[in-house]
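Here is a friendly walk through one protein model, part by part. Keep the 3D view open and turn it as you read.

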Amino acid sequence: MNYDVIVIGSGPGGYVAAIRASQLGLKTAVVERESLGGICLNWGCIPTKALLKSAQVFEYINHAAEYGIKTAAAEADFAAVIKRSRGVADGMSKGVQFLMKKNKIDVIMGTGKAKPGNKVEVKAADGTQKEYTATSIILATGGRSRELPNLKQDGKKIIGYRQAMVLPEQPKSMVVVGSGAIGVEFAYFYATLGTKVTVVEFMENIVPVEDEDISKQLLRSFKKAGIEVMTSSSVESVDTSGTGCKVQVKTASGMQTLECDIVLSAAGVVANIENIGLEETGIKTEKGKVVVDEFYNTNVKGYYAIGDIVSGQALAHVASAEGIICVEKIAGHKPEPLDYNNIPGCTYCSPEIASVGYTEKAAKAAGYELKIGKFPFSASGKASAAGAKDGFVKVIYDAKYGELLGAHMIGANVTEMIAEIVVARKLETTGHEMLKSVHPHPTMSEAIMEATADAYGEVIHL
């Protein structure tokens with residue numbers, strides 16, 4: 001069978017690319033070895049948010065008295081929480097199946113491998129192999145949990161994010177290695193349900209890619225929630241020979257031994273570039289990623305790559321945007337290259353974190369003279385009414401031209417607020433325009449206007 005486009009991988013990069021290709025009139029197929037929707041829908045973005053929502057509901061109930069509500073003592077049913085999360089993921093995967101049928105995209109189940117001559121070999125679960133051809137082949141094979149040399153995952157005591165979502169029973173204690181989005185989200189989830197959680201981070205600050213003010217606020221919030229945090233520390237080894245785990249942690253003051261039931265390795269993700277045909281086709285890689293141009297062409301004509309296997313942020317919305325740009329270029333359109341400096345990042349622990357653009361440190365390093373404003377949610381009427389006063393909005397402007405260089409938020413629902421900044425930066429909005437755009441009251445989002453007012457010495461409510 002001959003196609004215009006074959007996409008290997010059906011995650012948020014792959015299935016979105018396939019749908020857009022079909023919309024543009026290209027005969028399209030998707031190859032998937034496991035479940036439609038990839039890691040994001042089945043083992044990442046979606047089911048983790050379901051887990052976190054359950055934790056948030058449990059937290060609300062435990063603090064109901066603060067809202068004037070009397071309740072009986074709440075108890076978390078761990079198995080039911082896990083079951084709900086899996087149900088949400090299954091529903092989303094079925095939604096992608098519907099979208100494939102609606103857009104007349106052929107779904108080929110099996111492990112795909114690019115071959116020379118614009119061919120794709122697919123090995124089915126029963127071992128049978130078929131070969132397909134396509135004018136354009138898009139590699140969208142995603143990533144997996146990074147395994148550290150001294151922290152080999154056994155799936156039982158030392159686990160990755162997939163096992164963390166389906167543990168048969170709730171551990172009494174857990175050490176989380178790494179404090180990126182995956183690490184802090186699971187730390188919040190398990191700690192809220194009653195697990196004793198310790199986070200070990202190699203860098204000086206937790207959530208190290210974020211603005212330092214955000215890192216410091218999350219540290220305060222985590223400590224208030226009873227989560228222990230060890231920064232500038234590294235796990236040297238884990239002894240799993242006993243009933244639990246003995247974790248050797250190297251700190252600035254020497255070695256420490258932590259005992260726990262489970263160790264969660266959350267040290268990031270690594271690209272799935274093995275056994276997908278890169279060597280046979282001659283596609284170049286660099287530092288574990290496929291080398292592409294601004295429209296996702298590899299060095300071999302007719303072969304493209306998007307998502308976690310190329311350089312850039314390993315985020316679902318990035319993969320989707322790359323997929324759309326890639327197929328629009330294939331179809332002869334003139335898409336605009338993706339601006340990787342205007343990609344929002346969101347972390348869904350509590351309080352939530354959302355950011356886009358330059359951090360204060362990066363903006364100074366780039367040579368900008370800055371106007372910086374902060375507005376704490378403790379001064380927000382909506383946040384006070386909601387009982388969610390932790391956190392703040394921080395905005396960074398170029399003092400010379402008023403360019404909105406970046407924004408960093410921590411607090412309730414800030415992941416829903418960051419899009420305003422993304423659109424504003426896309427439209428080259430200045431600080432004056434942001435300040436004079438009337439925001440509704442009372443809302444959490446008016447903190448953006450207030451933070452801007454603070455940057456320009458016009459803040460009213462501080």
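The report below looks at helices first, then at strands, and ends with a loop. Please remember that this is a predicted model.

Let us begin with helix α1, which covers residues 14-23. How many of the 10 residues of α1 are buried? The count is 8, so this helix is largely enclosed by the rest of the structure. The buried residues of α1 are Gly-14, Tyr-15, Val-16, Ala-17, Ala-18, Ile-19, Ala-21 and Ser-22. What do they pack against? Their partners are the strands β1 (2-8) and β2 (28-32), together with the helices α2 (38-43), α4 (78-102) and α9 (316-330).

Is Ser-22 buried or exposed? Its relative accessibility is 18%, and because buried means under 20%, Ser-22 counts as buried. Leaving out residues up to four places away in sequence, Ser-22 touches Thr-28, Asn-103 and Ile-105. After α1 comes Gly-25, which has a positive phi, near 90°.

| Helix pair | Angle | Axes apart | Crossing |
|---|---|---|---|
| α1 and α9 | about 30° | 8 Å | right-handed |
| α3 and α6 | about 40° | 9 Å | left-handed |

Take α1 and α9 to start with. Angles under 35 degrees count as roughly parallel, and α1 and α9 are therefore roughly parallel to each other. On the α1 side, Val-16, Ala-17, Arg-20 and Ala-21 take part, and they meet Ser-320, Gly-323, Ile-324, Val-327 and Glu-328 in α9. Sorted by class, the residues of this contact are 5 nonpolar, 2 polar and 2 charged. Here a general point about helices is handy. An α-helix has 3.6 residues a turn, so residues three or four places apart point the same way.

Now turn to the other pair, helix α3 (residues 45-62) and helix α6 (residues 181-192), which pack at an angle of about 40°. That angle makes α3 oblique to α6. From α3, the contact uses Thr-48, Lys-49, Leu-51, Leu-52, Ala-55, Gln-56, Phe-58 and Glu-59, while α6 supplies Glu-185, Phe-186, Tyr-188, Phe-189 and Thr-192. In this contact there are 7 nonpolar, 3 polar and 3 charged residues.

**Strand β6 and its partners**

Strands come next. Strands of a sheet pair through backbone hydrogen bonds, either parallel or antiparallel. Strand β6 (residues 129-139) lets you see both kinds of pairing. With β1, strand β6 runs parallel, and 6 bridges join the two. Within that pairing, Ile-8 has Leu-139 of β6 as its bridge partner. Strand β19 (residues 303-305) also runs parallel to β6, joined by 3 bridges. There, Ile-138 stands opposite Tyr-304 of β19.

How do β5 (residues 119-123) and β6 run? They are antiparallel, with 5 bridges between them. Val-120 is bridged to Tyr-132 in β6. Together β5 and β6 form a hairpin with 5 residues between the strands, and Gly-127 in the turn has a positive phi of about 95°.

**Strand β9, covered on both faces**

Strand β9 (residues 173-177) is mostly covered, with 5 of its 5 residues buried. Which residues lie on each side? Ser-173, Val-175 and Val-177 are on one face, Met-174 and Val-176 are on the other, and all are buried. Strand β10 (residues 196-200) runs parallel to β9, and 5 bridges join them. One of the links is between Ser-173 and its bridge partner in β10, Lys-196.

**An open sheet of three strands**

Another sheet has 3 strands in the order β12-β13-β14; it is open, and its pairing is antiparallel. Strands β12 (234-239) and β14 (254-260) stand at the edges with a single partner strand each, so one side of each has no neighbour in the sheet. From one strand to the next, the twist averages 25°. Strand β13 (residues 245-251) is joined to β14 by 7 bridges, and Lys-250 has Met-255 in β14 as its bridge partner.

**A stop in a loop**

Finally, find Gly-282 in the loop between α8 (278-281) and β17 (285-286). Its relative accessibility of 39% means that Gly-282 counts as partly exposed. Beyond its neighbours within four places in sequence, Gly-282 is in contact with Asn-299 and Val-300. Gly-282 and Asn-299 are 17 residues apart in sequence, and their C-alpha atoms are 8.1 Å apart in space.

Terms used: Residues numbered from 1 in each chain as written. Predicted model: local features only at pLDDT ≥ 70, side-chain atom pairs only at ≥ 80, totals over all residues. Heavy atoms only, no water. Helix = DSSP H or I, 4+ residues; strand = E, 2+ residues; numbered from the N terminus. Buried < 20%, exposed > 50% of the residue type's maximum accessible area, 1.4 Å probe, protein only. Contact = heavy atoms within 4.5 Å. Pairing = 2+ DSSP bridges. Axes fitted to C-alpha atoms, helices over the stretch in contact; angles between N-to-C directions. Parallel < 35°, antiparallel > 145°, perpendicular 65-115°, else oblique. Left-handed = near helix turned anticlockwise from the far one by under 90°. Nonpolar A, V, L, I, M, F, W, Y, C, P; charged D, E, K, R; others polar.
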